[in-house]
Amino acid sequence: MMIKTIFKHTFSALAIMGAAAFVPAMAQSGIKYITLETAQPSDTPDKTEVLEFFSYSCSHCAEMEPMFQDWKEKLPDNVAFIPVPVAFNASMQPMQHLYYSLVALDKTDLHPKVFNAIHKEGKKLFNRDAIISWAVEQGIDKDEFIAAYDSFGVGAKAKRATELSDLYQVQATPSIAVSGKYLTSPGMTGTYASSLLEAQALLDQVLAGNQ
């Protein structure tokens with residue numbers, strides 16, 4: 001799509017500015033979600049997946065992070081909520097590795113702090129060296145973090161995250177995918193809260209069997 005092509009070329013600059021691109025015209029047209037032509041299988045056995053496509057550099061993602069955390073806590077046990085870091089270009093890949101390094105080291109409690117570091121403290125955590133320095137400041141052993149960051153497992157998860165963003169036709173962050181079939185976002189619904197309400201409605205529909 002043309003929008004995605006343009007977006008990929010311009011996002012590098014937007015990321016450094018802490019901005020994200022939405023498509024307000026979609027909200028104005030009344031399109032609240034899209035249905036994928038080919039449903040994607042769940043990577044989580046016996047659970048319905050909700051994927052949160054995000055980027056640490058996205059100011060909108062930072063604003064929504066507390067809302068996602070609150071929503072996640074209210075989801076039933078048969079629903080898997082999975083954050084997926086997006087990299088629209090190579091300059092965003094270090095942030096993917098940052099997230100999956102935190103997962104590998106069981107340090108996801110630092111996930112919200114990454115947003116704060118970038119958007120409130122002005123730290124530029126956009127490359128490997130800056131990320132490693134920040135991780136050490138958080139009390140993580142430097143060698144352990146580097147081992148995780150450079151590991152095959154983290155690299156594979158980052159690659160899978162990019163595959164997922166392509167499969168789900170993600171054009172902007174944050175976006176929410178439900179049950180491998182539906183994708184919604186604040187850019188489609190118009191507000192942060194309405195995007196979560198739309199995602200919940202789609203999830204309710206799936207769980208009720210009215211797919």
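Reader: So what does the secondary structure of the protein chain come to?

Author: Ten helices and five strands. Helices (H or I, at least four residues) and strands (E, at least two) are DSSP runs, numbered from the N terminus. It's a predicted model, where local features need pLDDT of at least 70, side-chain atom pairs count only at pLDDT 80 or more, and totals for chains, interfaces and linings use all residues. Residues are numbered from 1 along each chain as its sequence is written, and side-chain values use heavy atoms, leaving out hydrogens and water.

Reader: What percentage of the residues count as buried?

Author: Of the 211 residues, 46% do; buried means under 20% relative accessible area (1.4 Å probe, protein chains only).

Reader: Switching topic: at what angle do α4 and α7 cross?

Author: Roughly 115 degrees, with the axes of α4 (residues 93–104) and α7 (residues 142–149) coming within 9 Å. Axes are lines fitted to C-alpha atoms, for helices over the stretch in contact, and angles run from 0 to 180 degrees between N-to-C directions.

Reader: And which residues make the contact?

Author: Pro-94, His-97, Leu-98, Ser-101 and Ala-104 of α4, plus Phe-145, Ala-148 and Tyr-149 of α7. Contact means heavy atoms within 4.5 Å.

Reader: Now Ser-195, is that buried or exposed?

Author: Ser-195 is buried, at a relative accessible area of 0%. Ser-195 lies in helix α10 (residues 192–207).

Reader: What does Ser-195 touch?

Author: Leaving aside residues up to four places away in sequence, Ser-195 touches Met-64, Ile-176, Thr-184, Ser-185, Pro-186 and Thr-189.

Conventions
Buried < 20%, exposed > 50% of the residue type's maximum accessible area, 1.4 Å probe, protein only.
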